[in-house]
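Here are my notes on the model, as numbered points.

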Amino acid sequence: MFVEIVFVGLPIDRDEVEEAVEAEFGLHGEVTGAGSGMGRCHLDLEIAEGLQRDEALTRLRGVLAELGVAEFAELNVGD
């Protein structure tokens, strides 16, 4: 599963979010891309097929909430 996490007005460094997401998913997920510009930034997250969609998104939202950035994030989910 592919998830693009788009942030607008992210109050912390994007690298901090990337590290926390990778720590949460370990071998079950990998940040495969990132970018920033025009007041926005994004992370591209590939999640292993073994994780159920709902579980993966719950875990991802939990990481974002713990960092205090959930309100700045939009999740775009693909297959």
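1. How far does helix 1 reach from its first C-alpha to its last, and what is expected at 1.5 Å a residue? Helix 1 has 12 residues and reaches 17 Å, close to the expected 16 Å. The expected span is 1.5 Å times one less than the number of residues. Helices (H or I, at least four residues) and strands (E, at least two) are DSSP runs, numbered from the N terminus.

2. On provenance: this is a predicted model, in which local features need pLDDT of at least 70 and side-chain atom pairs count only at pLDDT 80 or more, while totals for chains, interfaces and linings use all residues. Residues are numbered from 1 along each chain as its sequence is written, and side-chain values use heavy atoms, with hydrogens and water left out.

3. The buried residues of helix 1 are Val17, Val21 and Phe25. Seen down the axis of helix 1, they fall within an arc of 55 degrees, so they line one face of the helix. Buried means under 20% relative accessible area, exposed over 50%, and partly exposed in between (1.4 Å probe, protein chains only); the arc is that of the directions from the helix axis to the C-beta atoms. Glu19 and Ala23, on the other side of helix 1, are exposed. The buried residues of helix 1 pack against strand 1, strand 2, strand 3 and helix 2, where contact means heavy atoms within 4.5 Å.

4. Helix 2 (residues 53-67) has 15 residues and should span 21 Å at 1.5 Å a residue; its end C-alpha atoms are 21 Å apart, which agrees. Ala56, Leu57, Leu60, Val63 and Leu64 are its buried residues. Seen down the axis of helix 2, these lie within an arc of 120 degrees, so they line one face of the helix. They pack against strand 1 (2-8), helix 1 (14-25), strand 3 (40-47) and strand 4 (73-78). The face of helix 2 turned away from its buried side carries the exposed residues Asp54, Thr58 and Glu66. Glycine 68 follows helix 2 and has a positive phi, near 75 degrees.

5. Helix 1 and helix 2 pack at an angle of about 140 degrees, with axes 10 Å apart. Axes are lines fitted to C-alpha atoms, for helices over the stretch in contact, and angles run from 0 to 180 degrees between N-to-C directions. The two helices are therefore oblique to each other; angles under 35 degrees count as roughly parallel, over 145 as roughly antiparallel, 65 to 115 as roughly perpendicular and the rest as oblique. From helix 1, Glu16, Val17, Ala20, Val21, Glu24 and Phe25 meet Ala56, Arg59, Leu60, Val63, Leu64 and Leu67 of helix 2.

6. Is leucine 10 buried or exposed? At 17% relative accessibility, leucine 10 counts as buried. Leucine 10 is found in the loop between strand 1 and helix 1. Leaving aside neighbours within four places in sequence, leucine 10 is in contact with Val17, Cys41 and Val69.

7. Phenylalanine 2 lies in strand 1 and, at 26% relative accessibility, counts as partly exposed. Not counting residues up to four places away in sequence, phenylalanine 2 touches Asp44, Leu45, Glu46, Asn76, Val77, Gly78 and Asp79.

8. Methionine 38 deserves a separate entry. Although it is not a glycine, methionine 38 has a positive phi of about 55 degrees. Methionine 38 lies in the loop between strand 2 (29-37) and strand 3, and at 86% relative accessibility counts as exposed.
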